Amino acid sequence: MKGKTKCSKYSIQYFSLGHCMAGLNLITNRLFGITLEVVPTKKGESWDRYVKKLRLSHETEGLIGYVYMDLFPRTGKF
């Protein structure tokens, strides 16, 4: 098959979400001195039960804020 490839020929591997989050934490910590920590959401704070809430803390400034990560597919989500 000249000029064409089949995806089934290749072994595609993905990083786990845990490894990706650990890598993101490592990068933000080394570059900016910021630590990411998953914290529980309060009732009514999130639009879906799988949304993760991250606390961003700077090594000298303390709490910077929070980031909500909606990482998983679901019906009606674009």
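The protein has 1 helix and 3 strands, where helices (H or I, at least four residues) and strands (E, at least two) are DSSP runs numbered from the N terminus. Along the sequence, the pattern reads α-β-β-β. This is a predicted model, in which local features need pLDDT of at least 70 and side-chain atom pairs count only at pLDDT 80 or more, while totals for chains, interfaces and linings use all residues. Residues are numbered from 1 along each chain as its sequence is written, and side-chain values use heavy atoms, with hydrogens and water left out.

Of the 78 residues in the protein, 17% are buried; buried means under 20% relative accessible area, exposed over 50%, and partly exposed in between, with a 1.4 Å probe and protein chains only.

Which residues form the largest nonpolar core? They are Ile-34, Leu-36, Leu-54, Leu-56 and Met-69. By nonpolar core I mean a set of buried Ala, Val, Leu, Ile, Met, Phe, Trp, Tyr and Cys residues joined through side-chain atoms within 4.5 Å. Strand 1 (34-39) and strand 2 (52-58) are the elements that each give two or more residues to this core.

Thr-28 lies in helix 1 (residues 17-32) and counts as buried, at 14% relative accessibility. The side chain of Thr-28 reaches the backbone oxygen of Ile-34 at 3.3 Å. Beyond four places in sequence, Thr-28 is in contact (heavy atoms within 4.5 Å) with Gly-33, Ile-34 and Leu-36.

Next, strand 2, which holds Lys-53. Is Lys-53 buried or exposed? Lys-53 counts as buried, because its relative accessibility is 7%. The side chains of Lys-53 and Glu-45 are joined by a polar contact of 2.8 Å. Such a contact is a pair of N or O atoms within 3.5 Å; within protein, one must be able to donate a hydrogen and the other to accept it, and residues adjacent in sequence count only if both atoms are side-chain atoms. Leaving aside neighbours within four places, the contacts of Lys-53 include Glu-37, Val-39, Tyr-66 and Tyr-68.

Finally, the surface. The protein exposes about 7000 Å², of which carbon and sulfur atoms supply 59%; accessible areas come from the Shrake-Rupley method with a 1.4 Å probe, and for residues only the protein chains shown count as cover. Phe-72, in the segment after strand 3 (62-69), is partly exposed, with a relative accessible area of 37%.
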